[in-house]
Amino acid sequence: TQLADLKYFGSAIPRIFGSVGNSFRYRNIELNIQVSYKLDYFFKRNSIQYTTLFGSGTGHADFSDRWKVPGDEQFTNVPSMVYPNNSARDNFYKNAEVLISPGDQVRLQYVNLSYSPKFNFKQIRNIVFYTTVSNLGLIWVANKQQLDPDYEVGLTSVAPSKTISLGIKLEL
């Protein structure tokens, strides 16, 4: 491989990123929302690796899109399954440009809803009941596969689970 053969897609690290939050209040009810964004970058998505499939039985959803009969090359970039496996062929596909996708995304980080009732107690100055839901997932993603770039790369493609918290805050 020559340097001239390599194709540059862009940064693997988001060049534009940040978060935006807002609060909405109506009488005793408050809603807080936090949205984050990462833009202007690319990631290499995972796909089928036949060496892994034959060795440990671990597959990938792209297996169903593999090339099966002549003519399939017009509809898929996923290589056919060949036995015995050729690891050099796997490595070639693993590093192919067809697995490069835009990583641009907008994510809903959390939503917090709180209620502060009015009351008269001598020992308690204020009370707030609240619930927070976090790790809500993607609102928008730029890649065609609708993959989450934060959790598609690496050893695991498991996103953190959504969490729900309930609470009471007292001011004494």
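Two strands pair if DSSP finds at least two bridges between them. I note that definition before looking up which residues face each other, and I note too that this is a predicted model.

**Entry: strand pairing**

I looked up the partners of strand β5, residues 105–115. Strand β2, residues 29–39, is joined to β5 by 10 bridges, and the two run antiparallel. Within this pair I found Tyr-37 opposite Val-106 in β5.

I then turned to strand β6, residues 126–141. β6 pairs with β5 over 10 bridges, again in the antiparallel sense. Here Leu-108 stands opposite Gly-137, which is in β6.

A general point for my notes: in a regular strand the side chains alternate between the two faces of the sheet.

**Entry: Asn-32**

Is Asn-32 buried or exposed? Its relative accessibility is 17%, so Asn-32 counts as buried; the cut-off for buried is under 20%.

I looked up what surrounds Asn-32. Apart from neighbours within four places in sequence, Asn-32 is in contact with Asn-22, Ser-23, Tyr-110, Val-111 and Asn-112. With one of these, Ser-23, there is a polar contact, side chain to side chain, at 2.3 Å.

**Entry: nonpolar core**

Which residues make up the largest nonpolar core? I listed 6 residues: Ile-48, Tyr-50, Leu-53, Val-78, Tyr-93 and Leu-99.

Leaving out neighbours within four places in sequence, Tyr-93 has contacts with Ser-47, Ile-48, Gln-49, Asp-62, Asn-77, Val-78, Pro-79, Val-98 and Leu-99. Ile-48, Val-78 and Leu-99 are in that contact list and are also members of the core.

**Entry: the whole chain**

I wrote down the secondary structure of the chain as 3 helices and 7 strands. Read from the N terminus, the order of elements is β-β-β-α-α-β-β-β-α-β.

Next I looked up the overall dimensions. Along the principal axes, the C-alpha atoms fill a box of roughly 80 × 35 × 25 Å. The radius of gyration of the chain is 24 Å, whereas a compact globule of 172 residues would have one near 16 Å.

How much of the chain is buried? I found that 27% of the 172 residues count as buried. The accessible surface comes to about 12300 Å², and 57% of this belongs to carbon and sulfur atoms.

Last, I looked up how far apart in sequence the contacts reach. Taking contacts between residues at least 6 apart, 67% join residues at least 24 apart.

Notes: Residues numbered from 1 in each chain as written. Predicted model: local features only at pLDDT ≥ 70, side-chain atom pairs only at ≥ 80, totals over all residues. Heavy atoms only, no water. Helix = DSSP H or I, 4+ residues; strand = E, 2+ residues; numbered from the N terminus. Buried < 20%, exposed > 50% of the residue type's maximum accessible area, 1.4 Å probe, protein only. Polar contact = N/O pair within 3.5 Å; in protein donor to acceptor, adjacent residues only side chain to side chain. Contact = heavy atoms within 4.5 Å. Rg over C-alpha atoms; globule rule 2.2 N^0.38 Å. Areas by Shrake-Rupley, 256 points an atom, 1.4 Å probe, with all protein chains shown as cover. Core = buried A, V, L, I, M, F, W, Y, C linked by side-chain atoms within 4.5 Å.
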